[in-house]
Amino acid sequence: MVPWSRLHVFRWWGLPLLLVIGLGIGAFLGGVRLVVVQTESMAPTLRAGDALLVVPVAPERVQVGEIVVVRRTIPYGRTTMVAHRVVEVRPGPEFVTQGDANPQPDPGTASGRALVGRVVGRLPGVGRGLLWLQRQSLALVLLLVGVGLLALSLTADRPRRCPRCGAFWSDGPGGAGRSDAPHPV
């Protein structure tokens, strides 16, 4: 039997970690990308800080009304990804997009080559955590993970005192002194 403290630690840290790792592997193998919404141009449909699940799609399959992610060139030659709704599909194909909160369509059109994919899901608020991790240095993240693992290792196998006789035992490897073993003599 696993002591409650180990179950508690796993439930609050292990399951979410496994979920994130599983999503990452699934996203990598399935071609799904995570894109973080950084502005309120799609409010109330999408909010700043949401993470979007984006899947690749052929440009010919995009329809009016869908939310797509396209690459746009911004001043000084930099590019950014924009998640907006398609309001018109032109031959080529080229897309006219517009944010739900914007009064007018985006300037110019986005070509099929600029299409990143179609938005298929939204994880509210998850993008804030992803942005925080992105902004932190790798050393800080590794330090926090190391401290967390050290804390888990120090608390996972603490010796316990028997309430009847005061003898110590632990849930250590090898089965000696297991918590379901008979009372130590």
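Asn102 touches Ser41 and His84, leaving aside residues up to four places away in sequence; contact here means heavy atoms within 4.5 Å. This is a predicted model, so local features need pLDDT of at least 70 and side-chain atom pairs pLDDT 80 or more, while totals for chains, interfaces and linings use all residues. Residues are numbered from 1 along each chain as its sequence is written, and side-chain values use heavy atoms, without hydrogens or water.

Asn102 sits in the loop between β5 (94–98) and β6. Strands (E, at least two residues) and helices (H or I, at least four) are DSSP runs, numbered from the N terminus. Asn102 is partly exposed, at 24% relative accessible area. Buried means under 20%, exposed over 50%, and partly exposed in between (1.4 Å probe, protein chains only). Met42 is 60 residues from Asn102 in sequence, yet their C-alpha atoms are 7.7 Å apart.

Now the sheet. It is open, with 7 strands in the order β1-β2-β7-β3-β4-β5-β6 and antiparallel pairing. Two strands pair if DSSP finds at least two bridges between them. β1 (33–36) and β6 (110–111) are the edge strands, each pairing on one side only. Inside the order, β3 (residues 67–73) and β4 (residues 79–90) pair in the antiparallel sense over 7 bridges. Val70 has Val82 of β4 as its bridge partner.

Last, helix α3. This helix spans residues 138–156 and holds Val147. Val147 is partly exposed, with a relative accessible area of 49%.
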